[in-house]
Amino acid sequence: MRLYSHPTCLLHSNGEGHAESPQRLAVVLEALHQAKLPGVDWQEAPLATRAQLRRVHADALLEQVLDVATPRHRQLDPDTAMNEHSARAALHAAGAVCAAADAVMQASATRAFCAVRPPGHHATPTQAMGFCLFNSIAVGAAHALAAHGLARVAVVDFDVHHGNGTQDIFWNEPRVLFASSHQRGIYPGTGAADERGRGNILNAPLPAGSGGILFRRAWGERLLPEIDAFKPQLILVSAGFDAHRLDPLAGLMLEADDYAWITTELVALAERHCQGRLVSSLEGGYHLDALRESALAHVRALLGGA
């Protein structure tokens, strides 16, 4: 199994006191190193190219993030900011998913986890938002379609916040199935069950207070069967851990075991349909202890099926 990261991802900052802090990635990396997991091949994430980014993002967004000088701090919206390291961090985050997709498609690895930041799933074709600069998982999915000639890619998102950017990007792209569970009625306000794209968008909004029973029911009864029927050639995962009961930014009640469960189910689908190929990338998770425990449970489950 490949594990991609880059030191620059620890240098990006939204500003002092911001929930999406460098400490988030630091605790994940510390947990993964201390666990001494067997069979993990650590790789330095490369930079995404502009050509890879342009498959899902407009030139105006690339210019805003990459070409405007940012000496110390630049606010893009009330939630999202940059410092002098942010542009390269975002390039490494997107580059990690592209490299991971190449690795699993070329059989250099079966599965991969991208321990990177900033997160990505809120970034739309034209807008950085919700702590996200580029939509790394969407960049990776588009790269897989273009570089490896795939016809069916599933993008799975269990972050507590709906991946509006990923949905927007693939709204009219039937080669991509987007399946998401998330808390109903919170940021960014999208993700209703009737948002269907070309039939390739699947949303399972959960009411506040939902725990593992409702989460597993949503996936087990609706989302996983749809992914199974789609028969993906590659599965990509937006792995947000902010649906944990301790997370301060939302109100679902998951435990680390729930993340291990959904990961095991996705690995089984990957084994059934795409020779085990699955790439996961870190999204949200803002309680450091919960994030550490949940991310480690996720990666252990990825390894457990290898």
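This short tour visits a cavity and then a pair of packed helices. Keep in mind that the model is predicted.

**Stop one: the cavity**

Rolling a probe the size of a water molecule over the atoms shows where empty space is left. Here, the count comes to 1 cavity of 30 Å³ or more, and the largest cavity holds about 30 Å³ of space.

If you switch to colouring by residue class, the lining of the largest cavity splits into 5 nonpolar, 3 polar and 1 charged.

**Stop two: α8 and α9**

Two packed helices are described by the angle between their axes and the distance between the axes. Select helix α8 (residues 256–273) and helix α9 (residues 288–304): their axes come within 8 Å and cross at roughly 25°. Angles under 35 degrees count as roughly parallel, so α8 is roughly parallel to α9. The crossing of α8 past α9 is right-handed.

Next, show side chains where the two helices meet. On α8, pick A256, Y259, A260, T263, T264 and V267. Facing them in the contact, α9 brings E293, S294, A297, H298, A301 and L302.

Notes: Residues numbered from 1 in each chain as written. Predicted model: local features only at pLDDT ≥ 70, side-chain atom pairs only at ≥ 80, totals over all residues. Heavy atoms only, no water. 1 Å grid on protein atoms, 1.4 Å probe; cavity = no way out; pocket = protein on both sides within 12 Å on 5 of 7 lines; lining within 4 Å. Points joined across faces, edges and corners; volume = space filled by probe spheres on them. Nonpolar A, V, L, I, M, F, W, Y, C, P; charged D, E, K, R; others polar. Axes fitted to C-alpha atoms, helices over the stretch in contact; angles between N-to-C directions. Helix = DSSP H or I, 4+ residues; strand = E, 2+ residues; numbered from the N terminus. Parallel < 35°, antiparallel > 145°, perpendicular 65-115°, else oblique. Left-handed = near helix turned anticlockwise from the far one by under 90°. Contact = heavy atoms within 4.5 Å.
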